[in-house]
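Here are some exercises to work through with the model open in your viewer. Try each task before reading its solution.

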Amino acid sequence: MAKDNIIIIGGYGHVGKIICIELSKWFPGKVFAAGRSLERATEFSQQTAGKVQPMQLNIHEPIAPSILEQVKVVIMCLDQENTALVRACLQHGVHYMDITANGAFLHQEEQCHQEARAYQTTALLSVGLAPGLTNLLALQATQLMDQTEELNISLMLGLGDEHGQAAIEWTVDQIHTDLEVMEEGRPVMRKSFTDGKVADFGAGVGRHRAYRFPFSDQQILPRTLGIPTVSTRLCFDSRLTTRLLAGLRTTGLSGLLRQQSVRDVVVRSFSKLHLGGNGVAVKVDARGTLKGKQTEVECQLRGHQQSNLTAKAAVFAALALYSSELPYGVFHMEQCFAWSRMRDWLGQLVAVEIQVNGQHV
């Protein structure tokens, strides 16, 4: 019995749909959009003329081993509460990929490393935009120095872009939270949407003040790349909206987001808000030493449509998993791929500039 199917859990969601459609170009009829609603999965399948198949699957219930018998790769687009499904995939010889961004849960998945090796399977984490492309740009920055002391990542999102419901809800929920970051090798707690820093995203985007935000790359990179100080910040292309959210955090009014009625109103507002465009930009500022001299590396990436970039990165990783070219175990993107390979894959979708001490490389 051939193990040649791909299951995308959350496959009829905003990003999941794009991943399904792209992968179905390589594997028509072998890609399954899975989720709790068989009706929604079937409707999506019909829109693809059957190139994507429907599947009913609830991640809160044990997955039947029979489902995994013909599966080669499972791609997870939903947040989970425990690693039961991850371990089920690994134990049945199924490669696994996670495009979610919960740092604490990704750390739980890391604990499955020896199990994945024992069953000769691979689990790939931190796949997408942030984490994902940010991790690979961070890797690139560190490779241009002998030692990296500090890494600051800034992400700008366009409010006019189409964002999935789950992504909007997650973003709103993180505005009034505390986050753990590594500073000089020690974990410290910081408040979300505080401590703004100006980032220069380059041509056509310019300078924006970005604020701390709990993207998981800042918790992962100290472990995978050995960088003692890492932070990730967020801003929107609408400077007014960014300043407004920072002001709500400073005054403490953002605490109202913990009330369900207020949260729901804000989520709906973000869904309908079209104050900006669909641009997305990443800036990585790294500081360290090269040949004994203090060195600064800047990496800029600019593109459009966050969901498409996330999906494009996921398809790149899925093809590598499907070909079984990766080592067995649990890894993050930057532990398996070089930035140059992703850069070639993205092609004209992004503009990238890299500078060392102000000189383009």
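**Exercise 1. Find out whether Phe213 and Phe215 are buried or exposed, then classify their ring pair.**

Step 1: both Phe213 and Phe215 are buried, where buried means under 20% relative accessible area, exposed over 50% and partly exposed in between, with a 1.4 Å probe and protein chains only. Before going on, note that this is a predicted model, where local features need pLDDT of at least 70, side-chain atom pairs count only at pLDDT 80 or more, and totals for chains, interfaces and linings use all residues. Residues are numbered from 1 along each chain as its sequence is written, and side-chain values use heavy atoms, with hydrogens and water left out.

Step 2: Rings of Phe, Tyr and Trp (its six-membered ring) pair if their centres lie within 6.5 Å; planes under 30 degrees apart count as stacked, over 60 as edge-to-face and the rest as tilted.

Step 3: apply it. The ring centres of Phe213 and Phe215 are 5.4 Å apart and the planes make 50°, so this pair is tilted.

**Exercise 2. Count the aromatic pairs, and work out where the partners Phe27 and Tyr322 sit.**

Step 1: the rule gives seven aromatic pairs.

Step 2: Phe27 and Tyr322 make a tilted pair, at 4.3 Å centre to centre with 35° between the planes.

Step 3: Phe27 is in the loop between α1 (14-26) and β2 (31-35), while Tyr322 belongs to helix α12 (residues 306-322), so to speak a link between distant parts of the chain, 295 residues apart. Helices (H or I, at least four residues) and strands (E, at least two) are DSSP runs, numbered from the N terminus.

Step 4: check burial. Phe27 and Tyr322 are both buried.

**Exercise 3. Which lysines sit over the rings of Tyr322 and Trp345?**

Step 1: the test is NZ of Lys or CZ of Arg within 6 Å of the ring centre and within 35 degrees of the ring normal.

Step 2: Lys72 passes for Tyr322, at 5.1 Å from the ring centre.

Step 3: Lys312 has its charged end over the ring of Trp345, 4.7 Å from the centre. Trp345 also forms one aromatic cluster with Trp26, Phe316 and Phe337.

**Exercise 4. Which side chains make polar contacts with that of Glu150?**

Step 1: locate Glu150, which is in strand β7 (residues 147-157).

Step 2: list its contacts (heavy atoms within 4.5 Å). Beyond neighbours within four places in sequence, Glu150 touches Ile227, Thr229, Asp285, Ala286 and Arg287.

Step 3: The side chain of Glu150 reaches that of Arg287 at 2.6 Å and that of Asn152 at 3.1 Å.

**Exercise 5. What is the strand order of the open seven-stranded sheet, and which strands stand at its edges?**

Step 1: the order is β3-β2-β1-β4-β5-β6-β15, with parallel pairing. Two strands pair if DSSP finds at least two bridges between them.

Step 2: β3 (52-56) and β15 (329-332) are at the edges; each has a single partner strand, so one side of each lacks a neighbour in the sheet.

Step 3: zoom in on one pairing. Strand β6 (residues 122-125) runs parallel to β15 and is joined to it by four bridges, and Thr122 stands opposite Gly329 in β15.

Notes
Polar contact = N/O pair within 3.5 Å; in protein donor to acceptor, adjacent residues only side chain to side chain.
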